[in-house]
Amino acid sequence: MDRNQLVKWIKAPAKMGHKYSLHVVYFCTGCGIIEIPPSITARWDAERFGVIPVATPRQANLFLITGYVSTKTLKAIIRTYEQMPEPKYTVGFGSCPINGGMYWDSYNTIKKLDKYIPIDGWIAGCMPRPEAVFVAVTHLWTLIDKEMADGYKRYREKYDYYRANQEKVFGEMEWPPLYGKE
Amino acid sequence: MIIVQIILVPIIALVMGLLFMGLFRKMMARIQWRYGPPITQPLIDIIRMFSQKTVTHGFMFEAGLVLSLAGSIVVALFLPMGNITVFETGGLLVVLYLMLLGPLGIALSSGESGNPNSSIGISRKFLLALGYEVPMLLVLLAVMTHYNTISLAEIVRIQAYRGWSFGSFPLLLSGIAYFLILPAILGIRPFEIAGAAQEISSGPKAEYGGKFMAFSTLQHGLQEFIGLSLFVNLFLGGGDLFGLFGMYANTFLGNLLAIVVLLIKMLLVFAVGVCINAAFPRFRIEQALNYLWTWPSLFAFAGIVVIMITG
Amino acid sequence: MTLELLLIVAFGGAFLTYFLGKISGKLRNGFAVLNSLAVLVMTSFFYGMNIEKPVAFGFFDITFVLRMNMVSWFFAITIVGIGFLSIIYSLRYMQNKEKLDYYYFTTLFINASMLGTVLCGDLLSFFIFWEMMSWSTYLLISYRGNDRAVFAGIKYIIMSIIGSMVMLVGIISLYVNFGTLEITELATLIQLAPLGYTLFILILFSISFAVINAFWPFHTWLPDAHAEAVSPFSSILSAVLVRKGMYGLYLFMYMILGLDLLNKLRFGVISFNGVFCWIGAITIVFAALTALLQSDSKRILAWSTVGQGGYMILGVAFSTALGVAGGTFHILNHCIYIGLLFFVAGAIEYSTGGIRDLDSLGGLIKKMPVTFIGAIIGVSGLIGLPLTCGFVSKWMIYKTLILNGSPLLAFFAFLGTWGTILYGYKFIHNIFLGQLPEEHENVKEVPFSMQLPIIILSVLVILFGVLPGIPLKVVNVMDTYMGFESLNINLAGVVSETGALDTINIFMVILVVFVIVGLLFKAGRKSRKTDQYDNYAAGAAIPKGRYNYTVNFYNPLSTIIEKYLKDVVDAFYMKLTGFVTNVGDGIRKLYTGYVGNYIMYIVVFLAFLILIQLRWSVF
């Protein structure tokens, strides 16, 4: 953890800021959310890393997709993701966002979440333990350092691809495209 | 010389505001048997938030927030910091009215955001303010009547040779009343009603992202600084430590020591406030109004009656 | 340029407007504007003059006296100023209404009679103009002609007539005792009268002025009158008409009685001034807290008018130089910003097709930006934010209350400010902020002739807030007239050893800090503009049309204080009216229309007289 190295702060304050102030959208998307409250309470204190849940997506920069994603939840996830300010990072938590996990043959869940919103990293497990949250956070720091956590940039550049996939699931979307033709 | 003061005083106020917020989170964490973030965490948060690109809802959304932070900085310029008061015109009355600019700016800005959670948050914030203003006005009027002046700098000067207000007999009741409503002024539990994260999804801050959230955090820190500074200046003697540093009265070292003493006093009061915050849950607004209009108002009213009788 | 010419132009213009209206609408409108402009220009010529001029009336050997001094000029300029702006405003506002000749005639007539009341030097002409003002106000309050308007008008005229009759009793008593009604002569003669008689006269006149000025407990006519009157007239009503009561109090308390006599009117710890101070304090708090509970835009402003009147009497009755100056300055300030706010409420009514209900509006800032700026500046003045004129007058009133040992009165005054903040914000939020309902998608900004008064008054609020020395010079002269020592005024505020006020200083500080913070803000990343439907709703779609918080805006407070804020005075007056109506109904039953009953009454009464004659031999 290089939080105390003043030189790095002066050289790249935005990057260091994003690393050590990861505010999580407190949106419990699925069953995996049961592992998040232990990680922010006294035993596995996440606040010492700068990770804290916030009330609305407008104030956040980390989105944890915890657990399986049903199609109903996917709409809310996409809306929440688009409401977050940029730069923003997403981490898929559990096996379900990776490849469908336990619900690999369900009619109602999303098997590959990466087709609908960009994901920066995955944690495997059903459910991963709270320590895995910290592994995710530290790994995200390395990615941010190397400028490889660019999910939001991919969303902007390949927006037509993501929007097409979203429309394939939902048909008519209730909100206009985020990045228009202009 | 005055340019230096105009630049330094707001910077000190902002830095101390951020320090208070960081200390708040660290102390709460330690009380809860965990390590907690570093004390500079609010600064890290602000740096991160400032580098984010977010949405805006209109002109008033931005202008209101700028007005709010500007208003709070102006109040910091009018409050005595040790022996220095950068601007003194109009006294405590001007300070009281300038303190309205902060909440009003936030109210206009978050009203424009179009989210009813913000509107509910603002209505509760104003109701809480009406709640604590009843005892607070009685306390402030008692102080002004007792010292027979409306100038805040004058009140600090008088306390330097007459002793702290909190210790003088007629003002003891008013001091107790002011201490009882201090959590409401600072917006910490049990009166954390306006910015309640869970009940109204952070109230006025619901639609603030990016640089708006950064400014809102700065304004919140500054608001706490102003609330504590007013209390310490009125009741705990401002930058004076029982006259110990009287020999350095008009020198640069004297002014510096006065500022340091003031900040230490504010930190001590704030530490007591954090302990209160750790022990209590959040009130509902009706419970808060009920409390604020009974015991503190009773003490404050008794204080003002004592002052009017003893002259 | 004589005073009679001014009055002739004012009254003549009113009548001429009516007849011109029979010829052509545009001619009438243009003439009304020109007339009010002419009266405004002519009144401003009289600045600084001191005239006292008897005008022989002809019969009964009565001479009227017209006079002009700084006090009269101060009130006159507010009357003609707001009158002029109101006529400009009503050009477009009243365009599609009926009975327009009647409307313009009555408005100009009310302005002229108000002008007449302040130009009088003797009590009889004062009474005549006062009565003319009263009944013409009734005509315009019940202009709309529906049941509620007529009810409001009748409530007003009954209370006003009771006040006028009390004043008439006072006038007759003064004439019988002193033989003259001229104010300057009365001022010397009344110093010799016994103290009890002076108190009696003062109370009689004060009741009448308190009714017009709507102090508690005489305030009950004001909310109904404002809610039902048309908007351009509402601004005249609350800005200048109710302040005629303050002019009357000045006339009596200071110009006739004088400061020394006033200070002698005390009975132990209760003094006449003290009673009025407390009436003012109660009015402030009661009105501010009741305004919170209203949800009609004009009713909120009506209660605000009632409350701010409390500040004026608090300052004026406190009888110190700073207090009287503060109260007087507050009259001017209140006139400016309440006129502004009523114009804003009228603009909203005009654009949305008559909606005054705050619960159903929202988000109009996007469609009506100029009106929003006017509303914000008006509400800031009402609250008393620094940089607006309201702050200076309130500062003066507070300072004198604190430094002269009345902290409890100061507490009530401060509490009124906080109530004002609450209902001011509710006014702005429910109309302009929040989400725009779909039925108001096509609302447009009001036409320029309606924007012009709003813009002018907003500029005046800020100008008098940053440079209060301009009106304070006039107020200072008025102070010296009334027997106080003059204040030390410079362009930026009040200078004194016990704490000065320098508004230019405050203005520069706020401006510089605002600019710096604004630049810092612009240094951040540019934000993307979104519409109101892209909002946080916990991941769900915004329920369109239902995502706005306006109803019961201060619900927790309403539930706590509603039971304490029942308007018992209003209920009492209504009960009294009901009782009188019942008694009248009972007496009416005597008139059965059947001749046989009448003959029976005559016979029974004759028998009663004969019985008395037989028993006691009275005749």
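# A tour of chains B and C

Begin by selecting β1 (55-56) of chain B together with strand β7 (residues 528-529) of chain C: the two pair in the parallel sense over 2 bridges. Strands count as paired if DSSP finds at least two bridges between them. Helices (H or I, at least four residues) and strands (E, at least two) are DSSP runs, numbered from the N terminus. Click on V55(B), whose bridge partner in β7(C) is R528(C).

This is a predicted model, in which local features need pLDDT of at least 70, side-chain atom pairs count only at pLDDT 80 or more, and totals for chains, interfaces and linings use all residues. Residues are numbered from 1 along each chain as its sequence is written, and chains are lettered from A and ligands numbered from 1 in the order in which they are written.

**Chain B against chain C**

Now show the contact between these chains, which takes 63 residues from chain B and 59 residues from chain C. Two residues are in contact if their C-beta atoms, placed from the backbone, lie within 7 Å. Elements that each supply at least two residues of chain B's side include α3 (59-78), α6 (116-147) and α9 (210-235). The largest share of that side, 16 residues, comes from α6(B). Coloured by type, the side of chain B that touches chain C divides into 37 nonpolar, 19 polar and 7 charged residues. Here Ala, Val, Leu, Ile, Met, Phe, Trp, Tyr, Cys and Pro count as nonpolar, Asp, Glu, Lys and Arg as charged, and the others, Gly among them, as polar.

**Domains of chain C**

Next, colour chain C by domain: domain 1 (1-183 + 217-241), domain 2 (272-465 + 545-553) and domain 3 (571-616). These bounds come from an automatic or database domain assignment. The centres of domain 1 and domain 2 of chain C, taken over C-alpha atoms, are separated by 24 Å. Where they touch, 20 residues of domain 1 of chain C are in contact with 26 residues of domain 2 of chain C. On the domain 1 side, α3 (70-93), α9 (221-228) and α10 (231-241) of chain C each supply at least two residues, and α3(C) gives the largest share, 8 residues.

**The largest nonpolar core**

Select V95(B), L98(B), L141(B), I181(B), L314(C) and A413(C), which touch the most other members of the largest nonpolar core, a set of 315 residues. A nonpolar core is a set of buried Ala, Val, Leu, Ile, Met, Phe, Trp, Tyr and Cys residues joined through C-beta atoms within 7 Å. A residue is buried if 20 or more other C-beta atoms lie within 10 Å of its own, exposed if 12 or fewer, and partly exposed in between, with C-beta atoms placed from the backbone. Helix α15 (residues 321-351) of chain C gives the most to this core, 19 residues. The core lies between domain 1 and domain 2 of chain C, because both give residues to it.

**Helix α18 of chain C**

Go to S406(C), in the loop between α17 (389-403) and α18 (407-432) of chain C. S406(C) is buried, with 22 other C-beta atoms within 10 Å. Then select α18(C): 25 of its 26 residues are buried, so this helix is largely enclosed by the rest of the structure. At 1.5 Å a residue, α18(C) should span 38 Å, and its end C-alpha atoms are 37 Å apart, which agrees. The expected span is 1.5 Å times one less than the number of residues in the helix. Finish at G434(C), which follows α18(C) and has a positive phi, near 90 degrees.
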